[in-house]
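Me: Hi! I have a structure open and would like to talk it through with you. Could you keep the answers plain?

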Amino acid sequence: MKKVQKGHVTLKWYIVDAADKEALPIAGEELHALLEKPVLKGIPLLVLGNKSDLPEKLSVDQLIDALNLKGVTDRETSCYGISAKEETNLDAVLQWLISKKK
């Protein structure tokens, strides 16, 4: 999980391999364990499913289910499918980050 802080704005983002279905249960457990830390309480969470360019990748809805993101109710949570290789959806991620600055 990556922490970004500027002034009074703090964000967390968590990147998973959306094509590695076997690793997602562990990634979900680790994410939820991190979110239980008091220092992270209420901080917005951005989950990025990388490798959206691969045919075997999970959709965003499937990632939300696999990581049990609907169970995260104590903070704003967003999930995007991205491809770092193809630069897919990076503009949407940047817009999300910019919107949190306000």
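What follows is a chat about this predicted model, from its overall layout down to single residues.

Me: What pLDDT does the protein average?
Reply: The average is 86, and 88% of the residues score at least 70.

Me: And which element has the lowest mean pLDDT?
Reply: That would be strand 1 (residues 2-6), with a mean of 50, while helix 2 has the highest, 96.

Me: Good to know. What share of the residues is buried?
Reply: Of the 102 residues in the protein, 35% are buried. The accessible surface comes to about 6400 Å², and carbon and sulfur atoms hold 52% of that surface.

Me: Which residues touch the most other members in the largest nonpolar core?
Reply: This core has 16 residues, and the ones touching the most other members are Tyr14, Val16, Leu31, Val47, Leu63, Leu67 and Leu69. At least two core residues come from each of strand 2 (9-17), helix 1 (24-35), strand 3 and helix 2.

Me: Which element gives the most to this core?
Reply: Helix 1 does, with four residues. A separate core has five residues, including Leu46, Ile82, Val93 and Trp96. In soluble globular proteins, nonpolar side chains generally tend to be buried together.

Me: Could you zoom in on Leu67? What is in contact with it, leaving aside neighbours within four places in sequence?
Reply: Leu67 is in contact with Val16, Leu24, Ala27, Gly28, His32 and Val47. On contacts across the protein, 67% of those with a separation of 6 or more involve residues 24 or more positions apart.

Me: Switching to strands. How do strand 3 and strand 4 run, parallel or antiparallel?
Reply: Strand 3 (residues 45-50) and strand 4 (residues 77-81) run parallel, joined by five bridges. With helix 2 (residues 60-66), these two strands form a β-α-β unit, and the unit is right-handed.

Me: Which residue in strand 4 is the bridge partner of Leu45?
Reply: Thr77 is the partner of Leu45. Beyond residues up to four places away in sequence, Thr77 touches Leu45, Leu69 and Val72. The C-alpha atoms of Thr77 and Leu46 are separated by 5.9 Å, though these residues are 31 apart along the chain.

Me: Now backbone angles. Where is Lys51 found, and what is its phi?
Reply: Lys51 is in the loop between strand 3 and helix 2. The phi of Lys51 is near 75°, a positive value in a residue other than glycine. In general, most residues other than glycine have a negative phi.

Me: And what is the phi of Asn68?
Reply: Asn68 has a positive phi of about 50°, although it is not a glycine. Asn68 lies in the loop between helix 2 and strand 4.

Me: Last one: what are the relative accessible areas of Lys51 and Asn68?
Reply: Lys51 has 34% and Asn68 has 46%. Lys51 is therefore partly exposed, and Asn68 is partly exposed too.

Definitions and conventions: Residues numbered from 1 in each chain as written. Predicted model: local features only at pLDDT ≥ 70, side-chain atom pairs only at ≥ 80, totals over all residues. Heavy atoms only, no water. Pairing = 2+ DSSP bridges. Right-handed = clockwise from strand over helix to strand, strands pointing away. Contact = heavy atoms within 4.5 Å. Buried < 20%, exposed > 50% of the residue type's maximum accessible area, 1.4 Å probe, protein only. Areas by Shrake-Rupley, 256 points an atom, 1.4 Å probe, with all protein chains shown as cover. pLDDT = per-residue confidence, 0-100. Core = buried A, V, L, I, M, F, W, Y, C linked by side-chain atoms within 4.5 Å.
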